[in-house]
Amino acid sequence: MAQAPDPSTVQAAIHSPPPSGRGGRKRRLPGVFSHPGADVPASLVVFLVALPLSLGIAAASGAPIMAGLIAAAVGGIVAGSLGGSPLQVSGPAAGLTVVVAGLVQEFGWQVTCAITAAAGVVQLLLGISRVGRAALAVSPVVVKAMLAGIGITIILQQVRVLLGGQPAGSALDNLMALPAAITNVELHAALLGLTVVVILLAWKHLPAAVRRIPGPLAAVAAGTALSVAFAPGVERISFTGSIVDAVALPQLPEGNWRAVAFAVISMALIASIESLLSAVAVDKMQSGPRTNLNRELVGQGAANIVSGSLGGLPVTGVIVRSATNVEAGAATRLSAVLHGVWVLAFSALFAGLIQLIPLSVLAGLLVMIGARLIKVADIRTSLRTGDLLIYAVTLLCVVFLNLLEGVMIGLALAAASVLWRVLRAAVQSHRPASPSDAWRVTIGGSCSFFALPKLNRVLHAVPAGVNVVVELNADYVDHAFREALLAWRHQHEAAGGTVSLEEHGNTLFQDAADQAPKRQEARELPLPPRAFWQDLAGSQHPGGEAGDHVGEGPRPLQPLLLGIDKYHRRFADQVRPLVQDLANSQNPDTLFVACVDSRVNPNLITSSGPGDLLTLRNIGNVVCHDGQDASIDSALSFAVKGLAVESIVICGHSNCGAMKALIDDATGKGNPSLGAGFDAWLNHARPSYRELLADHPVALAAAAAGYSRQDQLAMVNVAVQLGKLENHPVVGPALARGSVQATGLFYDIATARVLLVEPAGIQFLDPAQAPRTPAPAGTPAG
């Protein structure tokens, strides 16, 4: 007889750890110098990308040009060595240009360096305090809008430089001065800047061999070469000395400490969020070790302390350089560190070449950087998710107020949106189709005091004196909501109406009376026993009987009609799509032979639905020898020959009334009132009792597991019925060919667990289920 797979083997396969590596060796995290062949070339590529970006960001921030290269070198060496992200590359970021430009204008450069170092100390403390993951509790739409706002600010600022002018202090001033800048355009500067823009736009369409050179480097080199040949008089980058001469010690402010403290906190928070979000994005690009976010904060803090102390720009993790690092094939943090070394070496040896770069060329590069911060996909996503208002408000506030105020306003708006969506309850009333039916009031979602205005409006719109069914599908109910609903119920019943309360959600209505409200775990099971919700409905309306709104009919039929009424109201529309393909034919994979006991639900315990199981139910879940029962013979023949089922299941259950009747009959305690027909039917199961007395292996295994004599017999009966299938003229040959499997199950009602019954014993299919202590048989059933 074909049997189901050994569950111990299945469980071992599920719970065993995956192989640790080729040959069974433990997989070790890559060391810093374990892949120099991949890291060295990648570091050169990242260096070529970082060099022009660092110069451009320094120019846009109003800082000394060399401050960008100092920050790039420190970010690579310090943050790369100490940070928690193996492949993230740090350096000066476009996201802080607006902040730094404002600080330079308000406090001067050396005080800004002190603010940078102090912000690094704050980041270091945040990392040591292990709050790295808390920084991710920021709405993504706010971050995306912040980056877009920074991009627009950079564009408005650098367009004036591209046209040959000087940038103003605010985005609004730059916008207002744009017509005059266009009128007074400096032609050579504008053409050089536009050349850079065109090169960067066209770069992705060039052959792959050409694109091995980073686009920003090629665009800046081409623009600089054109300026030397055709426009020697355009304004260029200027500085004195080398990178060593550019080192500037920070200076404490002379006053206004409140504004300085605010600037420190602002810079620390923005730099931390940008770095952590960039690190998370890098993790999604590669399959190696994940980022330690707390350690990443420590690394970023240390880098900002060093950068600020040496006169460099603030440092953050930069997604552009990090993505380039991953795409170039970097394997360890050595690539990020070496990129910083190359920046430092170039700045010390070839600083003179930097002074050949025109400001309009860097402006063209920054315009493209700003444009890439504005993503159409983010706008579409915010529109699709209903967050467009948050996106637009945050963007406008970042552009026309300042970065921190814009982010704070965006976060406040996002939090308000979450409160509105999460705490909003859906309350609706439904007019009956006919005067004899009841009104329906459906309530779903979080039922708190926030929903009281809507609840009162809907409830008081229900006419007085009518029958009402309240369907409560709540995941949260507080005391205020419960009191309001009960008060209306008493008022409505006093006016001659009735109110039935049906609960379908996770949180029970009565729980809100005497304990703090809380969200309950979701329950997937949609259909509790009918007596549960009908008794609950009856107890909730002492003024009338449960189900008075259902049509006329004999009282014994009322529970069934109530169930049909509930099915039509709550489930019919959900079931219809599931059964449309089954309207004309069925294709079940299993014949499920079960007892008629009302507590056994085959679809429930097998997680199956309409069309999955062909079910045969009788007293004691028995099969007969050929010719003894036409009903069973025809069911077996139809299942195997007509529907070609793949398996046949015999399922017994605990506390089976048929098994108790067998034991009572053998001991002289039978019940003659059940009739001769019942006694004759038990003949199909009496061989199972004889096997029990003969110490069948299944009986011994069930006894050892703590099951009662009655349940031992039920399990033996399953094994005996499986044996009958082997000798059946229809099923036996199919079992021998392997086209059909036969499986025995036992449903333990008390624990709601299912066991596998085999010829030699029983197996626990739930790994958490343990053998139980013996228990007396309960009330006869089945």
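This note walks through a predicted model, point by point.

1. **Ground rules.** Residues are numbered from 1 along each chain as its sequence is written. The model is predicted, so local features need pLDDT of at least 70, side-chain atom pairs count only at pLDDT 80 or more, totals for chains, interfaces and linings use all residues, and side-chain values use heavy atoms, with hydrogens and water left out.

2. **Overall make-up.** The protein has 31 helices and 12 strands. Both are DSSP runs numbered from the N terminus: helices are H or I with at least four residues, strands are E with at least two. Of the 782 residues, 48% are buried. Buried means under 20% relative accessible area, exposed means over 50%, and partly exposed lies in between (1.4 Å probe, protein chains only).

3. **Surface and contacts.** The accessible surface is about 36900 Å², and 61% of that belongs to carbon and sulfur atoms. Areas come from the Shrake-Rupley method with a 1.4 Å probe; for residues, only the protein chains shown count as cover. Among contacts with a separation of 6 or more, 76% join residues 24 or more positions apart. A contact means heavy atoms within 4.5 Å.

4. **The largest core.** The largest nonpolar core has 84 residues. Such a core is a set of buried Ala, Val, Leu, Ile, Met, Phe, Trp, Tyr and Cys residues joined through side-chain atoms within 4.5 Å. Helix H3 (residues 65-82) gives the most to this core, with 11 residues. Trp-109, Ile-115, Leu-313, Ile-354 and Leu-365 have the most contacts inside the core. Take Leu-313: beyond its neighbours within four places in sequence, its contacts include Ile-57, Ala-71, Pro-92, Val-100 and Trp-109. In soluble globular proteins, nonpolar side chains tend to be buried together.

5. **A second core.** A separate core of 53 residues includes Val-593, Cys-624, Leu-722 and Leu-755. Val-593 sits in strand E7 (residues 590-595). Its relative accessible area is 0%, so Val-593 is buried. Leu-616 is 23 residues away along the chain, yet the two C-alpha atoms are separated by 4.7 Å. Not counting residues up to four places away in sequence, Val-593 touches Leu-616, Asn-621, Val-622, Val-623, Val-649, Ile-650 and Cys-651.

6. Cys-397 belongs to helix H18 (residues 388-400). Cys-397 counts as buried because its relative accessibility is 13%. Leaving out residues up to four places away in sequence, it touches Asn-402, Gly-406 and Ile-409. Met-146 is 251 residues from Cys-397 in sequence, but 9.0 Å away in space, C-alpha to C-alpha.

7. **Thr-153 in H6.** Thr-153 lies in helix H6 (residues 140-162). It is buried, at 12% relative accessible area. Beyond residues up to four places away in sequence, Thr-153 touches Val-98, Val-398 and Val-399.

8. Leu-172, Leu-175, Met-176, Leu-396 and Phe-400 make a nonpolar surface patch of about 490 Å². Patches are made of residues with over 30% relative accessible area and no salt bridge; like charges are joined within 9 Å, nonpolar side chains (Val, Leu, Ile, Met, Phe, Trp, Tyr) within 5 Å. A salt bridge is a side-chain nitrogen of Lys or Arg within 4 Å of a carboxyl oxygen of Asp or Glu. Helix H7 (171-176) and H18 each give two or more residues to the patch. H7 gives the most, with three. Phe-400 is in H18, and is partly exposed at 40% relative accessible area.

9. **Aromatic pairs.** There are three in the structure. Rings of Phe, Tyr and Trp (its six-membered ring) pair if their centres lie within 6.5 Å; planes under 30 degrees apart count as stacked, over 60 as edge-to-face and the rest as tilted. Phe-449 and Phe-450 are stacked, at 4.5 Å centre to centre and 25° between the planes. Tyr-707 and Phe-746 are edge-to-face, because their centres are 6.0 Å apart and their planes are at 85°. Tyr-707 is in the loop between helix H29 (697-704) and helix H30 (709-726) and Phe-746 is in strand E10 (residues 741-748), so this pair ties together parts 39 residues apart in sequence. Both Tyr-707 and Phe-746 are buried.

10. **Backbone points to check.** Most residues other than glycine have a negative phi. Asp-695 is not a glycine, yet has a positive phi of about 55°. Asp-695 lies in the loop between helix H28 (686-693) and H29. Ala-752 also has a positive phi, near 55°. Ala-752 is in the loop between E10 and strand E11 (753-758), and is partly exposed, at 46% relative accessible area.
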